[in-house]
Amino acid sequence: MKASPQEIASGLDVERIRADFPILRQQAHGHPLVYLDNAATSQKPKAVIDAIVRYYERDNANIHRGVHYLSQQATEEFEAARKAVQLFLHAARPSEIIFLRGATEAINLVAQTYGRVHVGAGDEVLITAMEHHSNIVPWQMLCDEKGAKLRVAPINDHGELILEEFERLLGPRTKIVAIGHVSNALGTINPIAKIIKMAHAKNVPVLVDGAQAVPHVAVNVQELDCDFYVFSSHKLYGPTGVGILYGKQALLEAMPPYQGGGDMISSVTFEKTTYNKVPHKFEAGTPDMSGAVGLRAAIEYLNKLGMENIAAHEHELLEYATQKVSAIPGVRIVGTAKEKAGVLSFVIEGVHPHDIGTILDQEGIAIRTGHHCAQPVMERFGIDATARASFALYNTKEEVDALLRGIKKVEEVFA
Ligand code: PMP
């Protein structure tokens, strides 16, 4: 779909950008594809696809262990990707960047290493009521194992964290805070700088789940002073199968390894193994080299466009969609925080969200329906599910208009 002149004026030439994403050119059920399921996974620009092809055509070999030309080439590519992620997050050192499978694995790693050492019987882990299951279950598993307690800071009717409650729950037994930067179900942007300060004032470290934040806002982990920050490549226009754990060097060094295997050791005998330095201590086995190369290409693509321009464009789209959708009788937006990014969750009176999704699909419009892996959020709002449109840098106001027409059609069908 064509971008309007306003969108070009907002800093991004969306029409040109769309040409970079081959998948967007197709039709779905005879209509131009309108892809509004970006919070689940975003589409990949040609630059990312080409980088992966180039890696396999030119550079592929196993890394770190080979003396031969290709192995060195692949190692250089992999380490260059680490450097790109370091700069993207504004981390102090490349060794603070660990390549994993995704945000989920990164949270599990911290729970099972840092958590297992520092959380004991009677201690507490503090999360919020708007977390994705990935930032609930690993902590629940840890608490069950250790006899610790999972405390949950509540949210208000807009889907905003109640900061006074959060601060009250930060107690002498709190050993770690784990909080989403941006909620995937509500779109709320949490004031994490403030939250980190509150936690640090009580000597509690903070893990930030940035899975939904990195595609929309610039992140500076040193300025935030967070202890851990995690995200997945596939939501950041990069390939699937790769995710990042950022951790402060001193914390990573003090943590025990997560998985055992090749590359994470410095020496092995049957009596004793000594572990490699960070980040390698946490990268057991052959990593996803082509995935890392693809993630680097995605970061370079975003850097060229500028995160500020992307944020401004998406903000405009979200404001436009919010205003139009909330004006449709019978439609209620779930998640009306003052600070939001990328996500418009809604329900239509008398229509199950799955029916909304199915009817929109027939119009070529891809949205997500369900609990969005955030069942406690649904419970908080007294619903089972929502319909969720989520925006990316390549979406246009015309696509929002298609969504509005689709919603009206749903209402006609169920009238
Ligand atoms: N946290 C949030 C807020 C998410 O939205 C998601 C993915 N929906 C995750 C964590 C988990 O990401 P992944 O499945 O890529 O590990």
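Domain bounds in this chain come from an automatic or database domain assignment. The model is predicted.

**Figure 1. The two domains of the chain.** The domain assignment gives domain 1 as 5-44 + 306-413, and domain 2 as 49-303. Domain 1 is therefore written as two stretches of sequence, with bounds that come from an automatic or database assignment. The C-alpha centres of domain 1 and domain 2 lie 28 Å apart. In the contact, 42 residues come from domain 1 and 36 residues from domain 2.

**Figure 2. The area buried between domain 1 and domain 2.** About 3,000 Å² is buried between the two domains, and carbon and sulfur atoms give 54% of this area. On the side of domain 1, Lys44, Met307 and Arg380 supply 20% of the area that is buried against domain 2, more than any other three residues.

Figure 3. Side chains of opposite charge can pair when their charged atoms come close. Here Arg380 forms a salt bridge with Asp157, and the closest N and O atoms of this pair are 2.8 Å apart. Across the interface of domain 1 and domain 2 there are 28 residue pairs in polar contact. On the side of domain 1 that touches domain 2, at least two residues each are supplied by α12 (307-326), β14 (343-348) and α14 (375-380). The residues of that side of domain 1 divide into 22 nonpolar, eleven polar and nine charged.

Figure 4. Which residues are around the ligand? They are Ala103, Thr104, His132, Ser134, Asn184, Asp209, Ala211, Gln212, Ser232, His234 and Lys235. A polar side-chain atom of Asp209 lies 2.5 Å from a nitrogen atom of the ligand. For Lys235, a polar side-chain atom lies 2.8 Å from a nitrogen atom of the ligand. With Ala103 the atom concerned is a backbone N or O atom, which lies 3.4 Å from an oxygen atom of the ligand.

Figure 5. Most residues other than glycine have a negative phi, and most peptide bonds are trans. Val278 and Pro279 are joined by a cis peptide bond, with omega about 5 degrees. Pro279 is found in the loop between β12 (273-275) and α11 (289-305). Tyr237 is a residue other than glycine with a positive phi, near 70 degrees. The loop that holds Tyr237 runs between β9 (228-232) and β10 (243-247).

**Figure 6. The salt bridge of Arg388 and Asp37.** The count of salt bridges comes to 21. One of them joins Arg388 to Asp37, with the closest N and O atoms 3.7 Å apart. Arg388 lies in strand β17 (residues 386-390), while Asp37 lies in the loop between β3 (34-35) and α3 (46-59), so the pair ties together parts that are 351 residues apart in sequence.

How values were computed
Residues numbered from 1 in each chain as written. Predicted model: local features only at pLDDT ≥ 70, side-chain atom pairs only at ≥ 80, totals over all residues. Heavy atoms only, no water. Contact = heavy atoms within 4.5 Å. Buried area = accessible area lost by both parts, 1.4 Å probe. Salt bridge = Lys/Arg side-chain N within 4 Å of Asp/Glu carboxyl O. Polar contact = N/O pair within 3.5 Å; in protein donor to acceptor, adjacent residues only side chain to side chain. Helix = DSSP H or I, 4+ residues; strand = E, 2+ residues; numbered from the N terminus. Nonpolar A, V, L, I, M, F, W, Y, C, P; charged D, E, K, R; others polar. Near = heavy atom within 4 Å.
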